[in-house]
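Here is a short tour to read with the model open beside you. Take the headings in any order you like.

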Amino acid sequence: MTSPKPRVVLGVSAGIAAYKACELLRRLTESGHDVTVVPTADALRFVGEPTWAALSGKPVSAQVWDGVADVPHVRLGQNADLVFVAPATADLLAKAAHGLADDLLTNTLLTARCPVVFAPAMHTEMWQHPATQANVAMLRDRGAIVVEPASGRLTGKDTGPGRLPDPAELFEVARHVLARGGARDLAGRHVVVSAGGTREAIDPVRFIGNRSSGLQGYALARTAVTRGARVTLVSANVALPDPAGAEIVAVGSAEEMHKAVVSAAASADAVVMAAAVADFRPAGYRDSKIKKTEGAEPEPIRLVKNPDILAELGGNRPAGQVIVGFAAETDDVLANGRAKLARKGSDLLVVNQVGEDLVFGRPDNAAVILGADGSHTEVPRGAKEALAEIVWDLVAARLRPPSPD
Ligand code: CTP
């Protein structure tokens, strides 16, 4: 017997980014989801009914007066496993926050008891307006996931926060929320994740780097977004798409990462240092390219120590902040891990065994997570996302209850 397809209602409101929702729809249907598209009437000005009907394989209606005998305004919401609104305009967010129900989508939002995700897209001014922010806060308080918009080029010449995130990344959000049933145990929390590998410049064309791909840190950021957290992702030299909903701070060197992480950590409930940070950097940066001299030995590169970000965070943190480090070890994995956990003053240390073909650039990972409280959690080889979920489970269990205000 085949299991029934997860039922998704894809709400589309009237923003130019409606065209990107076609790609999200395609990914959902191709991966075995049963999708009903519910556009608003004005959304159909951007992408017409035949496109939605052809891509979903179902009739499409924007209002409650079609097929009344089936009571679609109630049935769609009641039967859905997920309602995902992309793009969500300022107007749609306002209606949803205040419980207005003047078309099929807003009726569906009132009858849905499944997880609801909004992916807002609008101009920066509209997004940052106190009215919109208050509506978003209200929706989040009520349990909805509102994915932060991406920053970048908007419809006109302007740039700023307000773009609909990449459809492939929105699809990841949908997939995660369906898999976890919409549990939002990190709602109201700010988490900082570092990812990738730092590069320490030798001269304008050369650097000392490492083989970190950023996959584990990106998986941590993605999973934290779907668990409701505000996520700052400090990313060093990563060639991966931006996870939907995370604020990305791009850095190059360990010193830049130090500055960015320490600044973001000031307001964070948890910091996870998944980045491979260079312990040393060249003592002096050469402004021009180092040339080889025929017949002469190359000059040695003298190294100096970089700040140890994790140790600094562990030694001086706001009350209640949870700190997680990663350790890549080739030998005596557990003993080295325990010693490192104590040395760095972290609450948790995710210890991986690394080698030529282990961990770096691979989508899977195996680890032991050591706790400062003596706990020991074995994570069998599996997707980096599965490890990320376990890290957040352990972090969530260590967070203080949220303050009542
Ligand atoms: N880390 C950091 N700042 C550094 C170096 C490392 O914050 N300058 C963090 C990494 O992000 C990781 C953890 O520390 O979370 C472990 O890093 P690792 O380099 O393995 O630990 P070290 O203490 O440098 O130990 P060793 O190199 O001797 O294994």
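V85 stands opposite F118 in β4. The strands that hold this pair, β3 (residues 82-88) and β4 (residues 116-120), pair in the parallel sense over four bridges; two strands count as paired if DSSP finds at least two bridges between them. Helices (H or I, at least four residues) and strands (E, at least two) are DSSP runs, numbered from the N terminus. This is a predicted model, in which local features need pLDDT of at least 70 and side-chain atom pairs count only at pLDDT 80 or more, while totals for chains, interfaces and linings use all residues. Residues are numbered from 1 along each chain as its sequence is written, and side-chain values use heavy atoms, with hydrogens and water left out.

β3 and β4 belong to an open sheet of five strands with parallel pairing, in the order β2-β1-β3-β4-β5. β2 (34-39) and β5 (145-146) stand at the edges with a single partner strand each, so one side of each has no neighbour in the sheet. Helix α1 (residues 18-30) lies across β1 (7-12), β2 and β3, and runs at about 175° to β1. Contact here means heavy atoms within 4.5 Å; axes are lines fitted to C-alpha atoms, for helices over the stretch in contact, and angles run from 0 to 180 degrees between N-to-C directions.

## Backbone details

Most residues other than glycine have a negative phi, and most peptide bonds are trans. Two places are worth a look with that in mind. A cis peptide bond joins A86 and P87, with omega at about -5°, and P87 sits in strand β3. N237 is not a glycine, yet has a positive phi of about 55°; N237 lies in the loop between β11 and β12.

## Around R153

R153 is part of strand β6 (residues 150-153). Apart from neighbours within four places in sequence, R153 is in contact with D158, T159 and R163. R153 and R163 are 10 residues apart in sequence, and their C-alpha atoms are 7.3 Å apart in space.

## Two domains

The chain is divided into domain 1 (7-180) and domain 2 (190-398), with bounds that come from an automatic or database domain assignment. Their C-alpha centres lie 35 Å apart. To the contact, domain 1 gives 13 residues and domain 2 gives 13 residues.

## The eight-stranded sheet

Another open sheet has eight strands and mixed pairing, in the order β12-β11-β8-β13-β16-β17-β18-β19. Its edge strands, β12 (247-251) and β19 (376-383), each pair on one side only. On average, neighbouring strands of this sheet are turned by 20° against each other, direction ignored.

Within this sheet, β13 (residues 270-273) pairs with β16 in the parallel sense over four bridges, and V272 stands opposite V324 in β16. Helix α11 (residues 254-265) lies across β8, β11 (230-236), β12 and β13, running at about 165° to β8.

## The largest pocket

The largest pocket has a volume of about 930 Å³. Of the 41 residues lining the largest pocket, A275, A276, V277, F326 and A328 are the closest to its centre. Elements that give two or more residues to this lining include β8 (190-196), β16 (322-329) and α13 (333-344). A pocket is an open set of points on a 1 Å grid over the protein atoms alone, where a 1.4 Å probe fits, with protein on both sides within 12 Å along at least five of seven lines; lining residues have an atom within 4 Å of a point. Grid points are joined across faces, edges and corners, and the volume is the space filled by probe spheres set on the points.
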